[in-house]
Amino acid sequence: GISTTGARGGRSYAPEQPSYVSSAQPSQQGQAQPSAQPAAQAQSAPSPSSSSKSRIDPNQVPRPPAETDDQLREFRTRSVSTSNVPGASSTYKVIDDGNCSPRFMRLTANQIPSTRELYSRLGLPVAFVLQPMAQLPPYEDPVPYVTDLDKGPVRCRRCRAYINCHVTFVDGGRQWVCNMCGMGNTVEPEYFCNLDAQGKRRDVGERPELSRGSVDFAATQEYFNRPAMAPAFMFALDVSAPAVQSGLLAASIAAVQATLERLECASFVDE
């Protein structure tokens with residue numbers, strides 16, 4: 001009354017005829033009757049349900065090597081495709097050679113899916129931490145401050161993106177193609193420079209906006225609709241019941257008071 005299948009799902013099962021063991025069980029009349037059971041059932045084997053509930057051993061999960069405080073790793077921002085971004089709590093030195101420093105902008109994942117289909121299957125949320133005014137350590141170069149543009153920073157006439165080190169110069173340097181929207185823009189005469197054999201501007205080393213990933217531009221008069229005024233500060237505090245009970249509101253008020261004492265222009269803030 002037992003049937004076996006020679007193959008299922010690409011796997012072959014052997015032997016073709018199952019072996020049996022005999023056991024004597026008392027019948028209702030007190031006589032022994034032989035009964036047959038498969039030998040495979042006589043051996044104790046883990047059930048599929050128990051194996052599926054097995055937990056992952058944390059000791060077997062691979063982890064990056066721990067970095068000590070005395071290890072000062074140099075990280076070039078252009079090498080992000082060949083090396084991992086240093087950990088936020090590690091000690092490292094950023095060399096800006098064409099991408100934003102991870103101190104200013106950091107993704108929550110070092111690797112992201114390359115296709116939309118893979119992203120939907122993984123369901124991995126991707127975000128980034130933005131700190132444009134993050135404090136730099138003393139052993140790193142400060143962010144360049146571009147002030148030699150009389151008409152302000154050069155921007156794309158379609159998407160208004162700022163010129164950067166990833167734009168492409170064509171037509172002998174008289175046009176530049178926006179890397180954000182692909183729009184061609186005319187290079188102003190005062191900003192023109194010849195190209196070398198590789199199609200790069202010869203003054204790249206003299207213009208931080210064309211060689212660095214992070215720059216600060218001096219705002220010209222066209223960015224002001226009125227004369228410059230003293231800065232104003234506004235603080236938004238969470239005053240909900242959980243914030244009061246947890247002490248968050250009191251800690252926030254203390255932090256605001258300590259910050260106002262350190263501001264050079266604290267006299268402009270209304271108490």
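The structure is a predicted model, and the values below are computed from it. The largest pocket has a volume of about 750 Å³, and an open sheet is built from three strands in the order S10-S11-S12.

**Largest pocket**
- Domain 1 (73-130) and domain 2 (143-226) each contribute residues to the lining of the largest pocket, which is therefore placed between the two domains.
- The lining comprises 24 residues, among which Cys100, Gly213, Ser214, Val215 and Asp216 are the closest to the centre of the pocket.
- By residue class, the lining of the largest pocket is made up of 15 nonpolar, six polar and three charged residues.

**Three-stranded sheet**
- Pairing in the open sheet S10-S11-S12 is antiparallel, and the edge positions are taken by strand S10 (168-170) and strand S12 (184-186), each of which pairs on one side only.
- From one strand to the next, the twist of this sheet averages 35°.
- Strand S10 is joined to strand S11 (residues 175-177) by three bridges, with the two strands running antiparallel, and Phe169 stands opposite Trp176 in S11.

**Annotated span**
- An unreviewed UniProt entry lists residues 153-191 under "domain: Zinc finger Sec23/Sec24-type".
- Within the model, the C-alpha atoms at the ends of residues 153-191 lie 11 Å apart, while the secondary structure of the span amounts to 0% helix and 23% strand.

Technical notes
Residues numbered from 1 in each chain as written. Predicted model: local features only at pLDDT ≥ 70, side-chain atom pairs only at ≥ 80, totals over all residues. Heavy atoms only, no water. 1 Å grid on protein atoms, 1.4 Å probe; cavity = no way out; pocket = protein on both sides within 12 Å on 5 of 7 lines; lining within 4 Å. Points joined across faces, edges and corners; volume = space filled by probe spheres on them. Nonpolar A, V, L, I, M, F, W, Y, C, P; charged D, E, K, R; others polar. Domains from an automatic or database assignment. Pairing = 2+ DSSP bridges. Helix = DSSP H or I, 4+ residues; strand = E, 2+ residues; numbered from the N terminus. Axes fitted to C-alpha atoms, helices over the stretch in contact; angles between N-to-C directions. UniProt positions renumbered as here; feature names shortened; annotations may be inferred.
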